[in-house]
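Please open the model in your viewer and keep the selection tool at hand.

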Amino acid sequence: MSEAVWKKLQGLDKPTLKALFGADPDRLDTFATRIDMGDEESSTGILFDWSKTHLDAAHVAAFEELAEVMNFDGRRAALFDGEIVNTTEGRAAEHTAQRGVGKEESVQLAAENHHRMAAIVEAIHRGAMGEVKHLIHIGIGGSALGPALAIDALAREGALVDVHVVSNIDGCALEQAFAGCDPATTMLAVASKTFTTIETMTNAESALIWLRENGVEDPYGRVVALTAAPEKAIEWGVDETRILPFSESVGGRYSLWSSIGFPVAMALGWPDFAEFLAGAAAMDEHFRDTDGMANLPLRAAFGDQYYTRLRGCQTRGVFAYDERLALLPDYLQQLEMESNGKSVKVDGSPADGPTAPITWGGVGTDAQHAVFQLLHQGTNLVPVDFIASIMPGHDLAFEHHRILLSNCFAQGAALMAGKASEDPARAYPGDRPSATILLDEVTPATFGALVAFHEHRTFANAVLMGINPFDQFGVELGKEIAKQIEQGGTKFDPSTEALLALAGIN
Ligand code: F6P
């Protein structure tokens, strides 16, 4: 049935952006929507402007039909009801329960875990582990990207603890963290859903050695474990009282809200972490309760599907015009590419078109002086998201922010308008799409909503394509081969053998 809708979508006229604005004077009212969060006293919000995309009434109607055919309402209800939506692994996907939205028992369990986490965070702030000035957070993928992003976004100033997030097995990463920490006042957070990931466990061992060699008598006493496998953390040597568990049904790349967010709470303090969860919950409720194209993550997914499947776009760009959100593209790369970079549908049959585009991006205005040439004049059509905040994050002259935002909005306008020239090298084709996400300010609440928006957008895309966004078997083969190399005795292809010999690895 979805083939018929795709056929219809393929047959629709594709007016230019200029024509769309010309034909519909209310286009902005239809495609730019604000969502508010917080209470009346401290209300704040985010504007989602999708008006500079090629979505029009006909496409929206057809995409709404696609959503119906793909049982969007049913799959969304299953997500929030804690049903087994990750069918290949037989699991629910209950990240929203961490924010208080979902199946009652799961919400309750998440609240209990948060309660314990808050108590531990506050006790450490009060000195329960002695003086703690530094925290080395060791994790990788979903156990590192979220904390790194959130801390960079929200705790650049006035952090209660100096947090270093270390993910790479390359010892240079850990050494850099050591260089910035005093062992006597450093604690470790070992973050791993499975507590088996080789990079994390190897880095954690080395961090313990560093503490011991630098005069800490009981390095294990400085460790907090953040995991869905507490028994493995105990086996490894962490005292039960310092294990912060989370549920197996929270996926790695969706785990920032669980105890994986411990370093964020350590840096910000619990009240701000709670606000971050509340901001995400506001987006959860919007996503759960809003139908059709008024649903912002679903609307964004309509745009994503339009560009990927109807216009052949193989990538999507994300440019944060805010230094605090510089790590957002990295975070979204895992969220979107690990979730939707698949070739089969939920039932195992081949996907019926391209799936996740390559997510890439950077920070504005830097990227303007580096890669925007291709956005404006290259042969690849790249749909772009611009993300910015009305309030600056610094105390310098407002001129900085004025120039920053002027440039952000100028890029969207220029991509759309283009510019004719008799000299082909100087001509801009225009009609290039962008969406703008404009935060009132970067606060724990707006930031939480922004991240939750992208989680739901990723899920909505998966539903429209009929794929399971919650497994990631594609990462396994490389891990298996690395293990075979470690163990020795396996013969590989001549190129790999030669590289191993050159590096003296076997
Ligand atoms: O290898 C991919 C992956 O499983 C990610 O999905 C996950 O976020 C990351 O590794 C880390 O896993 P863990 O938290 O179990 O150490």
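Two rings of Phe, Tyr or Trp (its six-membered ring) form an aromatic pair if their centres lie within 6.5 Å; planes under 30 degrees apart count as stacked, over 60 as edge-to-face and the rest as tilted. By this rule, the count comes to 22 aromatic pairs. Select Phe-72 and Phe-287, an edge-to-face pair with 5.8 Å from centre to centre and 80 degrees between the planes. This pair links distant parts of the chain, 215 residues apart: Phe-72 belongs to helix α5 (residues 72-80) and Phe-287 to helix α12 (residues 270-289). Helices (H or I, at least four residues) and strands (E, at least two) are DSSP runs, numbered from the N terminus.

Before continuing, note that this is a predicted model, in which local features need pLDDT of at least 70 and side-chain atom pairs count only at pLDDT 80 or more, while totals for chains, interfaces and linings use all residues. Residues are numbered from 1 along each chain as its sequence is written, and side-chain values use heavy atoms, with hydrogens and water left out.

Next, select Asn-71, in the loop between α4 (57-69) and α5. Asn-71 has a positive phi of about 55 degrees although it is not a glycine. Most residues other than glycine have a negative phi, and most peptide bonds are trans. For a cis peptide bond, move to Gly-364 and Thr-365, where omega is about 10 degrees. Thr-365 is found in the loop between β9 (358-363) and α15 (372-377).

Now display the ligand. For Glu-338, the corresponding distance to a ligand oxygen is 2.8 Å. A polar side-chain atom of Lys-479 also lies 2.8 Å from an oxygen atom of the ligand.

Terms used. A polar contact is a pair of N or O atoms within 3.5 Å; within protein, one must be able to donate a hydrogen and the other to accept it, and residues adjacent in sequence count only if both atoms are side-chain atoms.
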